[in-house]
Amino acid sequence: MGVLEKIAAIQEEMARTQKNKATEYHLGLLKGKLAKLRRELLEPQPGQGGGGGGQGFEIAKAGDARVSLIGFPSVGKSSFLSNVTNTKSEAASYEFTTLTSVGGLLQYNGAEIQIVDLPGIIKAASQGKGRGRQVIAVARTSDLIMMVLDATKGDDQKEILENELESMGIRLNKEKPDISLKLKKTGGVKLNSINPPVHLNEKIVAALLKEYKIHSADVLIRDENVTIDDFIDIINEQHVTYIKCLYVYNKVDVVSLEECDRLARLPNTVVMSCELTLGIEDLKEEIWRQLGLIRLYTKRRGIEPDFSDPMVVRNNSTIQSVCDAIHRDMKNQFKFALVWGSSSKHSPQRCGLNHIIHDEDVVQIVTK
Ligand SMILES: Nc1nc2c(ncn2[C@@H]2O[C@H](COP(=O)(O)OP(=O)(O)OP(=O)(O)O)[C@@H](O)[C@H]2O)c(=O)[nH]1
Ligand SMILES: [Mg+2]
């Protein structure tokens, strides 16, 4: 039996098994087996390049952050790319117009955001249908997934796409579970927790670890609400990625106002029409907000900063990362930094390398 058949057999058994207290343990083990098989599927097969990336498919990272467009065929992904960047990606009324990844740069607030247009994915993409696995491999490398949905199609599009991403180890809008797993040579499996976890106990934890041939480990659970799935993700840590996702309904020009209004009120959702260039500016602002990028104005002593040319760094960046971005050797020359803006207690505040900067701070680096 091949991996795909094994996966199908387990999924079938899980569907057949009623969910209740008595079957919780059995279902948990099946989930562990499933995750292990899916991991095998993601690992490069002999004679096949890379973990599903595929030759010439992945494009180089560029700009300050990457946003990937994920959606079914013909929802308007390429139309969006052409709308917000100078790159033209062919758009057409037939499905699978785009067959490889196409990158463009969106200029916003002085930042360059790489938008990656991808082929449409379909149900069972994660099992190798279409270019699904290559597409999802690119999505994994992004800072934000923009899920493009068709306002004229049903509500199940979102769920199908989420399931495909989920089974390839992508967790959307979710924090990494607060579980620490330390492998040991001997001593068996020990479960420690602050409060007893609701969904896990030492027996199931040990059985899941055994599935991965781990016989001794210290497990510490700080959050009592973590689930069996969360624990399986921690065992498979290298294969699981936590990424933000923004839901975008396109083609609202062809639905009623009521429907447009309903979609716009869904959580974490923006509506747009690429055809009429509606909602695009709000969407850019939302992308910017979700990426959490920070604009920083550097200044020299006695000279005003250039507010038209910010330096863009990631959320929670420190003065040290600013130094590193300016020059590899800067932190060795560093004496202190003067910071004006919302991160400073007074203007200016004298700060060290560990100071965390905020959006629109002004920074002067004083060197030895
Ligand atoms: N009515 C309407 N049609 C749109 C809109 N945006 C795109 N379209 C049309 O939808 C069709 C598909 O657009 P594409 O941009 O090629 O879609 P895609 O998601 O890139 O499709 P694939 O590359 O096949 O995955 C084209 O005929 C577009 O003109 C919109 O906002 N409203
Ligand atoms: Mg396209």
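**Figure 1. A mixed sheet of 5 strands.** The 5 strands of this open sheet follow the order β12-β11-β15-β13-β14, and their pairing is mixed. The model is predicted: local features require pLDDT of at least 70 and side-chain atom pairs pLDDT 80 or more, while totals for chains, interfaces and linings use all residues. Residues are numbered from 1 along each chain as its sequence is written, chains are lettered from A and ligands numbered from 1 in the order in which they are written, and side-chain values use heavy atoms, without hydrogens and water. β12 and β14 (349-351) are the edge strands; each has a single partner strand, so one side of each lacks a neighbour in the sheet. From one strand to the next, the twist averages 35°. Strands (E, at least two residues) and helices (H or I, at least four) are DSSP runs numbered from the N terminus, and two strands pair if DSSP finds at least two bridges between them.

**Figure 2. Strands β11 and β12, with helix α10.** β11 and β12 run antiparallel and are joined by 3 bridges. Ile 294 has Val 313 in β12 as its bridge partner. Helix α10 (residues 319-326) packs on the sheet and touches β11, β12, β13 (334-340) and β15 (361-367). The direction of α10 makes about 110° with that of β13. Angles run from 0 to 180 degrees between N-to-C directions, with axes fitted to C-alpha atoms, for helices over the stretch in contact.

Figure 3. Asp 306 belongs to the loop between β11 (294-298) and β12 (311-313). Its relative accessibility is 43%, and Asp 306 therefore counts as partly exposed (buried is under 20%, exposed over 50%, partly exposed in between; 1.4 Å probe, protein chains only). Apart from neighbours within four places in sequence, Asp 306 is in contact (heavy atoms within 4.5 Å) with Tyr 297 and Thr 298. The C-alpha atoms of Asp 306 and Val 362 are separated by 9.8 Å, although these residues are 56 residues apart along the chain.

Figure 4. β7 pairs with β8 (residues 217-221) in the parallel sense over 5 bridges, and Ser 193 has Ile 221 in β8 as its bridge partner.
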